[in-house]
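Reader: I am new to this structure and would like to learn how to read it. Please take me through it one feature at a time.

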Amino acid sequence: MLRPMRNWLVIQPYQSQPDPPVIGALIVPEIIYVHEGEIIAAGLGRMGLKVGDIVAFGSHSGIRYYYQGKPLLIIREEEIYLVKEKGG
């Protein structure tokens with residue numbers, strides 16, 4: 001079991017990532033991508049996020065970590081861009 005400290009979160013990122021967009025002959029860099037994932041563990045210092053929330057975060061956010069062979073992301077709450085509301 002993972003237990004992040006303070007305002008850190010552990011996210012199971014979704015695997016599907018789009019191909020880089022092409023405008024004419026120009027490939028737009030990956031830095032503009034926003035990825036999604038589900039919070040699987042949360043520290044006690046977080047404000048409004050909880051386990052099970054689906055969140056969006058930037059391509060270069062957090063720290064990549066493998067746990068039991070699964071790719072995870074350890075990220076600060078401040079790096080979350082939005083939470084997807086269920087049923088909306």
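Reader: What share of the contacts with a separation of 6 or more comes from residues 24 or more positions apart?

Author: A contact means heavy atoms within 4.5 Å. In this protein, 59% of the contacts with a separation of 6 or more are between residues 24 or more positions apart. The model is predicted, and local features need pLDDT of at least 70, side-chain atom pairs count only at pLDDT 80 or more, and totals for chains, interfaces and linings use all residues. Residues are numbered from 1 along each chain as its sequence is written, and side-chain values use heavy atoms, with hydrogens and water left out.

Reader: How many helices and strands are there in the protein?

Author: Helices (H or I, at least four residues) and strands (E, at least two) are DSSP runs, numbered from the N terminus. Here there are eight strands and zero helices.

Reader: In what order do the strands of the open sheet lie?

Author: Strands of a sheet pair through backbone hydrogen bonds, either parallel or antiparallel. Two strands count as paired if DSSP finds at least two bridges between them. In this protein six strands form an open sheet, ordered β6-β7-β1-β4-β5-β8, with antiparallel pairing. β6 and β8 (80-84) stand at the edges with a single partner strand each, so one side of each has no neighbour in the sheet. From one strand to the next, the twist averages 40°.

Reader: Which residue is the bridge partner of Leu9 in β4?

Author: Leu9 has Ala42 as its bridge partner in β4, and Ile11 stands opposite Ile39 in that strand. Five bridges join β1 to β4. On to β7: four bridges join β1 to β7, again antiparallel, and Trp8 has Arg76 as its partner there.

Reader: Which residues make up the largest nonpolar core?

Author: A nonpolar core is a set of buried Ala, Val, Leu, Ile, Met, Phe, Trp, Tyr and Cys residues joined through side-chain atoms within 4.5 Å. Buried means under 20% relative accessible area, exposed over 50%, and partly exposed in between (1.4 Å probe, protein chains only). The largest core here has ten residues: Leu9, Ile11, Ile39, Ala42, Leu49, Val55, Phe57, Leu73, Ile75 and Ile80. At least two residues of this core come from each of β1 (8-13), β4 (34-42), β5 (54-58) and β7 (70-76). Neighbours within four places in sequence aside, Leu73 is in contact with Leu9, Ile11 and Phe57, among others including Pro13 and Arg64.

Reader: Is Ser59 buried or exposed?

Author: Ser59 is in the loop between β5 and β6 (63-67). Ser59 counts as buried because its relative accessible area is 5%. A polar contact is a pair of N or O atoms within 3.5 Å; within protein, one must be able to donate a hydrogen and the other to accept it, and residues adjacent in sequence count only if both atoms are side-chain atoms. The side chain of Ser59 makes one with the side chain of His35, at 3.1 Å.

Terms used:
Axes fitted to C-alpha atoms, helices over the stretch in contact; angles between N-to-C directions.
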